[in-house]
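Reader: I would like to learn how to read a protein model. Please take me through it feature by feature.

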Amino acid sequence: MRVYADNAATTPMSAAAKQALVDATERLWGNPSSLHTEGQIAKEALEDARARVARLLGADPKEIYFTGGGSEADNQAIVSCARLGARSGKKHIVSTAFEHHAVLHTLKKLEKEGYEVTLVGVGERGVVCPEEIRAALRPDTCLVTVMYANNEIGTVQPISEIGAICREAGVFFHTDAVQAFGHVPVNVVTDNVDLLSLAAHKFHGPKGVGVLYAKRRIPLTNLIEGGAQERGKRGGTENLPAILSMVAAMEEACANLAQNAAYVSGLRDTLICELSKIPHSRLNGDREKRVPGTVNFCFEGIEGESLLLHLDFEGIAASSGSACTSGSLDPSHVLLALGLPHEVAHGSLRLSLSHYNTAEEVAHIVKVVPQVVTYLRNMSPMWEDLETGKKPHII
Ligand SMILES: *Cc1c(COP(=O)(O)O)cnc(C)c1O
């Protein structure tokens with residue numbers, strides 16, 4: 001039995017998304033910039049896709065840009081607002097300590113260029129307090145960027161409240177909604193956002209394609225110079241099959257959102273209930289304010305990487321946190337932002353489910369994880385120190 005429980009890293013494509021990819025590859029291979037019939041048919045499909053994305057997000061088609069994924073959308077959103085701010089001497093950006101690296105590393109780059117960045121804390125529950133965002137604003141703040149849902153622990157942020165604060169202060173507000181879209185209702189109007197990023201492969205669409213929503217009055221900075229594609233803001237021939245496949249996945253995710261959310265959160269609650277019974281374990285992040293599919297646990301006295309390898313051997317694909325940081329020995333910046341000590345943060349496990357998972361699969365997970373945790377603890381010198389009282393238990 002193979003159980004895929006790493007949907008926060010990437011998702012398998014849905015049947016509709018695969019079909020749309022094949023159909024578009026066969027029928028719509030023309031270049032949308034070409035003036036002949038093949039090109040114009042592709043152009044029409046591209047603009048139809050843009051209108052459909054706009055409708056799903058509550059946006060205008062002119063505010064939708066297709067990108068090469070979530071990271072690119074994050075980079076372009078942040079750099080654009082930074083450049084715009086600099087024009088009027090505003091070079092301060094507010095964000096949080098547990099953003100995705102696509103955001104944090106872009107902010108680091110801007111700091112080297114002379115921008116100032118304030119990272120607001122997220123508390124031990126991993127939920128940003130809107131008033132802390134308000135308190136961090138300065139007269140020279142040009143952008144606030146806060147993720148909609150965290151990719152490691154799954155907590156959902158009070159986006160529309162933060163957006164309202166930014167609007168009142170006249171500061172642009174970007175949200176990385178990559179982990180939220182398709183799992184919680186996302187709408188740029190009710191969420192009070194000015195810019196928003198999506199990645200198709202996190203909602204059963206293809207990899208390497210995403211969306212950047214940017215409100216009409218925000219002129220974007222090009223990251224890729226080239227032709228006049230995407231209203232001159234992203235050069236390069238559009239990947240129309242991937243875009244149409246993404247739109248198929250988006251429509252499917254939105255149409256089934258309530259039903260999938262109810263089903264997946266039921267599976268997730270079983271995980272939380274059963275894994276919490278493991279002694280010296282802890283659920284990371286707020287119990288309630290979370291996306292339907294993602295849980296993150298720490299188990300004291302063990303090391304995340306060995307847990308993952310043993311789970312993989314038992315048929316379970318999971319993660320210790322972000323796919324991007326696994327392989328490095330540093331503990332997760334997200335778990336550290338919650339205030340967990342290094343040694344506890346090292347023993348983390350992220351399980352992220354989708355509507356393709358079954359109750360039998362979850363039953364397999366809750367049977368295997370406690371066995372592997374016990375097995376690893378029995379071999380662990382760290383655990384021995386804790387059990388003999390040489391070191392105190394932290395959780
Ligand atoms: C996966 C992810 C990204 C990056 O998206 P890519 O399409 O892989 O570039 C950005 N932000 C969050 C929160 C993510 O989970």
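Reader: How many bridges join E7 to E8, and do they run parallel or antiparallel?

Author: Start with the names. Helices (H or I, at least four residues) and strands (E, at least two) are DSSP runs, numbered from the N terminus. Two strands pair if DSSP finds at least two bridges between them. Here five bridges join E7 to E8, and the two run antiparallel. Ser197, for instance, has Leu212 in E8 as its bridge partner.

Reader: What should I know about the model itself?

Author: This is a predicted model, where local features need pLDDT of at least 70, side-chain atom pairs count only at pLDDT 80 or more, and totals for chains, interfaces and linings use all residues. Residues are numbered from 1 along each chain as its sequence is written, and side-chain values use heavy atoms, with hydrogens and water left out.

Reader: What is the strand order in the open sheet of seven strands?

Author: The order is E2-E8-E7-E6-E5-E3-E4, with mixed pairing. Strand E2 (64-67) and strand E4 (116-120) are the edge strands, since each pairs on one side only. From one strand to the next, the twist averages 20°.

Reader: Which strands does helix H3 lie across?

Author: Two rules come first. Contact means heavy atoms within 4.5 Å. Axes are lines fitted to C-alpha atoms, for helices over the stretch in contact, and angles run from 0 to 180 degrees between N-to-C directions. Helix H3 (residues 70-87) lies across E2, E3, E5, E6, E7 and E8, at about 165° to E7. Helix H4 (residues 101-112) lies across E3, E4, E5 and E6, at about 155° to E3.

Reader: Where is His201 found, and is His201 buried or exposed?

Author: Buried means under 20% relative accessible area, exposed over 50%, partly exposed in between (1.4 Å probe, protein chains only). His201 is in the loop between strand E7 (195-199) and strand E8 (210-214). Its relative accessibility is 18%, so His201 counts as buried.

Reader: What does the side chain of His201 make a polar contact with?

Author: A polar contact is a pair of N or O atoms within 3.5 Å; within protein, one must be able to donate a hydrogen and the other to accept it, and residues adjacent in sequence count only if both atoms are side-chain atoms. The partner is the side chain of Thr10, at 2.7 Å. Neighbours within four places in sequence aside, His201 is in contact with Ala9, Thr10, Thr11, Pro206 and Lys207.

Reader: Which strands form the sheet of three?

Author: They are E9, E10 and E12, in the order E9-E10-E12, with antiparallel pairing. E9 and E12 are the edges. Three bridges join E9 (residues 281-283) to E10. Five join E10 to E12 (residues 348-352). In E12, Arg350 stands opposite Asn296.

Reader: How many residues of E10 are buried?

Author: Six of its six residues are buried. Thr294, Asn296 and Cys298 lie on one side, with Val295, Phe297 and Phe299 on the other.

Reader: How do I read a pair of rings?

Author: A pair of aromatic rings is described by the distance of the centres and the angle of the planes. Rings of Phe, Tyr and Trp (its six-membered ring) pair if their centres lie within 6.5 Å; planes under 30 degrees apart count as stacked, over 60 as edge-to-face and the rest as tilted. The count here comes to two aromatic pairs. Phe297 and Phe299 have ring centres 5.9 Å apart and planes at 5°, so this pair is stacked.
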